[in-house]
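Please consult the sequence and the structure while reading the points below.

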Amino acid sequence: MSDCVFCKIVKNEVSASIVYHDEQVTAFRDIHPVAPTHILIVPNKHIHSVSGLTTEDEALAGHLLTVAGRLASQEGIAQSGYRIITNTGAHGGQTVFHLHVHLIGGQPMRHPMG
Ligand code: AMP
Ligand code: ZN
């Protein structure tokens with residue numbers, strides 16, 4: 001996806017505050033953080049959303065979560081707790097159409113079901 005900003009971050013064509021990278025996923029700080037810790041974890045390959053995942057992506061999807069948990073420990077928020085969010089599609093409030101997991105913490109969250 002040549003015009004996808006997250007693909008460009010993965011390829012280092014757009015600068016970002018990258019906190020983790022491996023052969024499957026990249027994690028970087030959200031440009032508009034809503035809490036003291038706000039990191040996005042994305043697959044290196046372009047998948048538009050959860051709806052674009054196939055059975056071949058199951059290990060990758062799991063890796064996104066395990067990396068999120070590890071980064072939470074590194075950020076020092078594993079004990080206090082945090083929120084993992086993946087907005088999907090228009091009603092889910094997705095604005096960047098490259099699958100991403102938000103890792104948000106460092107302060108108490110409001111109730112999520114609003
Ligand atoms: P969503 O609304 O769930 O699709 O989340 C997209 C997130 O990407 C938002 O929280 C944006 O602040 C964030 N974002 C957009 N562009 C960038 C960028 N270039 N670097 C870091 N975060 C970004
Ligand atoms: Zn992309």
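With three residues, α1 gives the most to the shell around ligand 1. Both α1 (5–10) and β2 (25–29) supply at least two residues of that shell each; helices (H or I, at least four residues) and strands (E, at least two) are DSSP runs, numbered from the N terminus. This is a predicted model, in which local features need pLDDT of at least 70 and side-chain atom pairs count only at pLDDT 80 or more, while totals for chains, interfaces and linings use all residues. Residues are numbered from 1 along each chain, chains are lettered from A and ligands numbered from 1 in the order in which they are written, and side-chain values use heavy atoms, without hydrogens and water.

**Shell around the ligand**
- Among the 16 residues around ligand 1, those that come nearest are D30, N87, T95, V96 and H102; a residue is near if one of its heavy atoms lies within 4 Å.

**Polar contacts (pairs of N or O atoms within 3.5 Å)**
- Oxygen atoms of ligand 1 lie 2.5 Å from a polar side-chain atom of D30 and 2.9 Å from a polar side-chain atom of H102.
- A polar backbone atom of I31 is 3.1 Å from a nitrogen atom of ligand 1.

**Aromatic pair**
- The whole structure holds one aromatic pair (ring centres within 6.5 Å; planes under 30 degrees apart are stacked, over 60 edge-to-face, the rest tilted).
- The ring centres of F6 and F28 are 5.2 Å apart and their planes stand at 70 degrees, so the pair is edge-to-face.
- F6 in helix α1 and F28 in strand β2 are 22 residues apart, and the pair thus links distant parts of the chain.

Note on methods:
Polar contact = N/O pair within 3.5 Å; in protein donor to acceptor, adjacent residues only side chain to side chain. Phe/Tyr/Trp six-rings, centres within 6.5 Å; stacked < 30°, edge-to-face > 60°.
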